[in-house]
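Dear colleague,

A short account of the findings follows it.

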Amino acid sequence: MRETNGRLLSVITSVLLALVGLFLFFGGAQLLFLGGSWFYVLAGGVMLAAAVSGLRKPKLAVGLYAALLLVATVWSLVEVGFDIWGLEVRLLTLLGIGAWLLLPPVWRGTGSWLSDKLPVLGSVGAAALVLLISCFMSYSIDGTVPADRMMAQGQPDPAADGIPDGDWQAYGRTVGGDRYSPLAQITPANVTKLRRAWTTRTGDVEQEGEGTVAGPDQGHEFNLEVTPIKVDNTLYMCTPHSWVIALDAATGKVKWKFDPHPAAADLAKNVYLACRGVSYYRIPDEIQTSCRTRIYSPVADVRMVALDAETGKPCEDFGDHGFISLREYLGHVPHGFHFITSPPLVAKNRLITGGWIFDNQANFEPSGAIRGFDATTGELAWAWDAGHQPETWKPGPDDVLTRDTPNAWGVYTADLNLGLVYIPTGNAPPDNWGGSRRPFDDATSSATIALDIVTGERRWTYQTVHHDLWDMDIPSGPSMVDLPGANGETIPALVQSTKRGEFFVLDRRTGETVPGYPVAERRVPTAGAAPDDHVSPTQPFPVAMPSLTPPDLKENDMWGATLLDQMICRIQYRQSAYEGQFTPPHVGQSTIVYPAFYGVVDWQGITIDPQRKIMLANASYLPFRIRLDRRQKLEGAGILPKWNGQGDEPAAKGDALAVSPDYGTPYIAFTSPWLNPLQIPCKGPVWGTLTAIDLVTKKIVWQHPVGTTRDTGPFRTHNNLPLPTGMYNIGGNIVTRGGVVFMGATADDYLRAFDLATGKVLWDDRLPAGGQATPMSYEIGGRQYVVIAAGGHGGLGTRSGDYIIAYTLDGQQGTTTPQ
C-alpha cells in the first residue's frame, strides 16, 4: 500500500512538473526569441527531462532538479543580488518544488532517503540560505535630522498669519499648503499613548454600482478623500455624494448636515464620486451680508454652494439662493464631463476654481478655464481662458470659454501677501495624442501658473513637462516655504511636486528657479510617436533637488507571485515599446509608461515643515501601459460608436481608465495598470515610500518603505501576509511642531505616526476602512487631536466606509471652548 501511494505521488509529481516545464519551455523560447533571458527555456527543458526520468530513473531526476535549483540560485544573485523581493519571485517556486521532492515517497530510488535526496537537500539549503541572508538587507536610506534643525523655531510663516495655532482653516491648514501644525503636545516620546477620542460615521456610504474601478458604463469610484478643516470649535467637511457636515471638534457630534441633492443625471455619469474638502471664508466687515462666515463646497452636479458656517443653511445672497452653476459659459457639457473634486481657493473676496474634465474622451471637451467669482455674491469677476484674447476676461451671457484647454482639477494654493494664486494645470484633452493641440495649449499645460487673485491676470508660468503625452499633469498646487539665500536674504519660494517624482523650487514672486536649485533640459526618447504628432526632444529636470523618480525599468525588474507569471511580465516587457521615461505612446504597440499618471506623487502633494525646512513626500510606484489604435478600425467595425459631441450616450462608451475614445482624433487609446494574469504588478517592490528631504542641503535625510501587503492579495483580494513591501498610497501626510509625521494613505488601512527625525514608525492604528485621505491636527480644550477620514478608495480597492476618526493622548476628549 505504501509503495502504491509512493508510486501515485511520483506520477502526480512528474505530470505537474511536466506541465510547469512545458509552460516555462515554450514561454522561455518566446522570451529568448525576443532577446530576453535564457534561463526560462533552460528551466523548462530541465524540468521536462526530470519529469520524464522521475518515473524510471528517480536519482537522475533528483540530480537534474538539484542542479537546476543551484543554477537558479546563482542566476538570481547575478540578476538582483541580495534583493529579497527579486530573489523571492525567482527562487520560491523552485524551492517549493524542491521541498516537495524531499518527501520520502516522491521519486524514491533503491538507496536510503539521505542518499536519494542529498542533492536536492543541498540545493534547497543553499537557496534557502540566500533568501535568509537577503531578509536582512535594508531598503531604507537611514539618516537623522540634525538636533539643531529639530529645535529650529521662531522663523516667520507668512501663510499662517492670523490663523490660531489650534485651527486648521484650509485644506493644507493654510492657503500656502504646507500641511504643518504648530502644535506640540503629541511628541515622539508620548505618541504611543494615542487612542481614539471619538468616531463619527457620516452616513454617506457607497451605493450599488459604486466603489469599483470602472468607467461610467460599469460603475463609479467611491472615494472618501476628504481632509476636514477646523475653525474655532467646529470641523467642516464634505462627502463623496456632496453632503456638507459640521462636527463638534471636541466630541465629533454632528452640529448640522446639508445635502445639496446633486442631480441624479450627474451622479449616474460622474466617474469619480469624491470631495477632498471645503473652504472657509469670512466676508470682510466692510461688505454688507447676512452670511458673514461661510463654508464653500463643490457639488457633484457642477455647482458650488455657500453655506452659513453657523447654521449650515445656504447663503441667500450668494448666486441663486446659495448656489452658482459652473456649467455657465462652457457651452454643451455632457453629464459626467465636468465636475469638481477639490475645494475652491477663497481669498480677497474671490472664489477661484476650475474643475475636472473627463479625460481622453474627445478633443472638443469643455473649457479648462479658471474662474474667479465674487465670494459674497457669486457673480463672475473674471475668467482666465488660455485660448482667448485677452486671456483674462469676463464673458457675457452668450459667450463660451475656449473648449478643450488645459484644466486644473487639484487644490490651489496662494500667497496672500503677493496676491497670487498658484494653479496646477493638466493637459488639453486627450492626454496621449497631441496632434490637434494649439500653441496656447502647449504653452500652458502641465505647468504652475500664477494668477492675480483679484483681477485674474497671469503673472508667470513655469512648465514641468513639454507637450505632455503621458498625463503628467500637475495634480496639486505647490507648497510655500521661505528659504535662506546665499547672501543671508530670505527668498519667498514654493516647491512644486509632480507625478514624475520631481520637485521644482521656484521664486514665488517671479516663477524663476531659486538660485542654487537649477533645472536642466535633458534629451528624452522621441522615436515611435504617432506620425501626425510630435515629441519634445527635451524635458526639464531639477538637477540639484533629490528626485523620487524611479530608475528606468529593465527586464530583470519584472515581478510576479511565481516564476511563471514573472516570465509573462518579462515577455510583455520585451514586446512593449520602452526606452525609459518619456517614451512616446506608439500606434499598434503597447508602450510602458513609468512613472505613470497615478503618480509617484499625486493629488496629495507634499508637506513642508517651515521651521525646520524639511520636506516630506509619500510616493507610489506602479507602471502603466498605453496602446494607440486607429479609430477607423474600430468605428468601421461598429465596435466604437461615432460621436460629434452632441448628447451623452456615445460618450458614455468611454472608460476613465481602460478605453479612451479620443473622439475628434485619428486614434483611440487603451490604458491599464501593468498587471500580470494574477493581477499582480509586473514591477516588484518597493511600491511605496515616505521620504524626508532637507530643503537647505538638498539631500535626502531618510527614506523608508511605507505600508504592507496585508490587504492587497492576488485577484484584488483583501487577505495577504503583511509583507513589508511598501504599498501604493493615495492621500498625504502632515507634520507637527512636536516632531511627529502622520500618514494614512496606504492600501493596508493603517494610520501611522513617524518620528520626523528618523522616519521610524512610532505608532499605528488599524482603520475600519481605507484611509486614503490626508489627516489633519487641531487643538481644543487644551488637547491636541489628530483626525483622519477612513472611507476607502474605489481606485485603490480598499475597504469602503464612512468613518471620521479623532485621536488624542489617552483617548480623552477635550472640553468644548465656551462661546
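The notes below concern the nonpolar cores and one group of salt bridges.

This is a predicted model, in which local features need pLDDT of at least 70 and side-chain atom pairs count only at pLDDT 80 or more, while totals for chains, interfaces and linings use all residues. Residues are numbered from 1 along each chain as its sequence is written, and side-chain values use heavy atoms, with hydrogens and water left out.

The largest nonpolar core comprises 99 residues, and Phe39, Tyr65 and Tyr296 have the most contacts inside it. Such a core is a set of buried Ala, Val, Leu, Ile, Met, Phe, Trp, Tyr and Cys residues joined through side-chain atoms within 4.5 Å; buried means under 20% relative accessible area, exposed over 50%, and partly exposed in between, with a 1.4 Å probe and protein chains only. Apart from this core lies another, of 55 residues, including Ile186 and Leu767.

There are 31 salt bridges, each defined as a side-chain nitrogen of Lys or Arg within 4 Å of a carboxyl oxygen of Asp or Glu. Glu79, Arg90, Glu555, Arg570 and Arg574 are linked in a network of them. Arg574 forms a salt bridge with Glu555, with a closest N and O distance of 2.7 Å. Here Arg574 is partly exposed at 35% relative accessibility, whereas Glu555 is buried at 6%.
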